[in-house]
There are 2 protein chains.
Amino acid sequence: MSYPTVVFIGAGNVANHLAKGFHQVGIDILQIVNRSFDKAQKLADEVDAKPTDDVNNISWEADIYILAIKDDDIKDVVSNLSLSKGILVHTSGSVPLDHLKNAAPEAGVFYPLQTFKADQEVDLTQVPICLEATSSEAFQQLNTLASKISNQVHNIDSEQRKTIHIAAVFLNNFTNHMLACAEELLVSHNMDFDLLRPLLEETWQKIRHHKPSEVQTGPAIRNDQQVIGEHLDRLKNEPELQAVYRVLTESIQRKHS
Amino acid sequence: MSYPTVVFIGAGNVANHLAKGFHQVGIDILQIVNRSFDKAQKLADEVDAKPTDDVNNISWEADIYILAIKDDDIKDVVSNLSLSKGILVHTSGSVPLDHLKNAAPEAGVFYPLQTFKADQEVDLTQVPICLEATSSEAFQQLNTLASKISNQVHNIDSEQRKTIHIAAVFLNNFTNHMLACAEELLVSHNMDFDLLRPLLEETWQKIRHHKPSEVQTGPAIRNDQQVIGEHLDRLKNEPELQAVYRVLTESIQRKHS
């Protein structure tokens with residue numbers, strides 16, 4: 001079985017993690033295209049590819065062209081591309097597939113559902129790869145590629161991908177904000193957030209092994225009006241935390257009523 | 001140095017974890033008092049103490065009496081107690097110290113900041129113990145006891161303890177609800193929560209090593225109005241999730257403005 005060959009457009013974190021992952025499993029990377037030649041060369045050297053900083057020098061011999069650039073730059077870069085063959089994909093969670101349709105005969109999305117940092121190894125086999133494509137043939141090609149590096153390849157359309165993006169805001173950003181609110185409360189009463197770290201560890205261990213909807217606890221789900229009333233009363237000098245407390249308590253109660 | 005002797009009133013999860021912890025480090029537990037004699041006996045056998053189900057049989061020879069019972073039962077039990085010597089403490093996060101004052105010459109709080117489950121070992125050395133007492137002598141006694149089992153003993157007054165309780169609602173209950181919202185979104189679009197588990201793991205690893213206020217990310221803190229607008233628009237059929245999204249986005253923006 002022969003595997004598709006790849007060109008990367010972009011040399012940032014996503015390109016780095018994916019290109020190295022492909023290289024390790026023997027996928028042939030023909031070229032790294034990046035507006036900074038140094039960055040292109042650095043990554044190209046690591047994955048036995050050729051570097052270029054000129055879109056006009058892109059090799060048109062590859063099977064799959066992976067745009068691994070910032071969401072906001074996709075429109076601009078795509079307007080300068082015109083593939084006569086191959087599949088053009090982006091790696092974004094929030095850009096619809098049809099933003100690529102005019103630039104190539106086949107287009108797709110190759111979205112790794114993880115945050116990548118420059119200095120941190122990621123086990124790609126455990127990263128869900130969300131795929132979408134303009135044809136079943138193109139999907140098959142992307143699936144062949146994705147399955148070489150990940151054990152979790154999913155068929156996810158543009159609507160679902162947007163939903164994932166919103167869900168990730170709840171899961172990551174809003175969760176972080178809840179902890180920041182707890183931190184703010186402690187600090188404003190001369191205590192340190194570290195006091196709650198053992199409880200946080202316990203919270204994490206529980207959630208790790210259960211569906212969140214099945215392990216909700218606390219005064220809201222118990223409908224313990226006395227405790228809720230006391231908490232709201234004590235938060236009266238911190239009206240923003242009080243507003244958050246009230247809305248989330250109501251949200252938990254509605255969900256479980 | 002001699003250590004204080006202890007009587008436990010209660011034989012539930014908190015009593016079990018604390019009594020076994022004390023016993024392991026050589027603290028003398030004189031008695032386990034519980035309305036179910038069988039439960040008292042079971043724990044007493046494990047910690048070389050005597051069991052009783054009769055409040056009138058409580059040994060008045062101990063230095064510290066630990067009420068490890070439900071918050072709602074404290075008032076009732078305390079009204080039947082009258083210590084002529086020793087320190088009476090409870091283990092609750094939310095009951096003020098002065099609820100104990102009439103029942104003993106000295107009173108205090110011995111609050112372990114962790115959730116305990118019957119079937120799960122907890123490393124007590126890592127559990128913060130929040131202490132409060134009616135006198136510095138009593139505090140010293142409690143401190144001697146707490147320091148035998150935990151490396152994290154804190155002087156926390158009743159006001160601070162209530163704040164901790166509210167902070168714990170944010171940290172544990174509300175965080176869980178954020179994940180439940182993410183789950184609800186995915187499920188309603190025919191996806192599984194497991195899709196987000198790798199991102200959740202990453203979220204956790206980040207928070208584990210930082211203060212939450214220092215690692216906030218996402219459209220709210222970037223003030224990315226376009227993404228926020230799109231998300232709110234897509235949540236219009238899920239008005240409760242939309243309300244949560246709106247309030248938390250505003251809360252993040254106010255906090256960081």
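This is a predicted model: local features need pLDDT of at least 70, side-chain atom pairs count only at pLDDT 80 or more; totals for chains, interfaces and linings use all residues.
A residue is called buried here when its relative accessible area is under 20%, exposed when it is over 50%, and partly exposed in between.

**Overall form of chain A**

- Chain A contains nine helices and eight strands.
- Its radius of gyration is 23 Å, well over the 18 Å that the globule rule gives for 257 residues, so chain A is more spread out than a compact globule.
- The C-alpha trace of chain A spans about 70 × 35 × 35 Å along its principal axes.
- Of the contacts in chain A with a separation of 6 or more, 51% are between residues 24 or more positions apart.

**Surface and charge of chain A**

- B:T175 belongs to helix α5 of chain B, which covers residues 158-188.
- With a relative accessibility of 6%, B:T175 falls under the 20% limit and therefore counts as buried.
- The side chain of B:T175 reaches the backbone oxygen of B:F170 at 3.2 Å.
- Leaving aside residues up to four places away in sequence, B:T175 touches A:T175, A:M178 and A:L179 of chain A, together with B:F170 of chain B.
- A:T249 lies in helix α9 of chain A, which covers residues 239-255.
- The relative accessibility of A:T249 is 5%, so this residue also counts as buried.
- With residues up to four places away in sequence again left out, A:T249 touches A:A220 and A:I228 in chain A and B:F174 in chain B.
- Between A:T249 and A:S59 there are 190 residues in sequence and 56 Å in space, C-alpha to C-alpha.

**Positive phi angles in loops**

- Most residues other than glycine have a negative phi.
- A:D48, although not a glycine, has a positive phi of about 55°.
- This aspartate, A:D48, sits in the loop between α2 (37-46) and β3 (50-52) of chain A.
- A:D48 counts as exposed because its relative accessibility is 62%, where the limit is over 50%.
- B:N223 likewise has a positive phi, near 50°, and is a residue other than glycine.
- The loop between α7 (219-222) and α8 (225-234) of chain B holds B:N223.
- At 45% relative accessibility, B:N223 counts as partly exposed.

Terms used: Residues are numbered from 1 along each chain as its sequence is written. Chains are lettered from A and ligands numbered from 1 in the order in which they are written. Side-chain values use heavy atoms; hydrogens and water are left out. Helices (H or I, at least four residues) and strands (E, at least two) are DSSP runs, numbered from the N terminus. The radius of gyration is taken over C-alpha atoms; the globule rule is 2.2 Å times the number of residues to the power 0.38. Contact means heavy atoms within 4.5 Å. Buried means under 20% relative accessible area, exposed over 50%, partly exposed in between (1.4 Å probe, protein chains only). A polar contact is a pair of N or O atoms within 3.5 Å; within protein, one must be able to donate a hydrogen and the other to accept it, and residues adjacent in sequence count only if both atoms are side-chain atoms.
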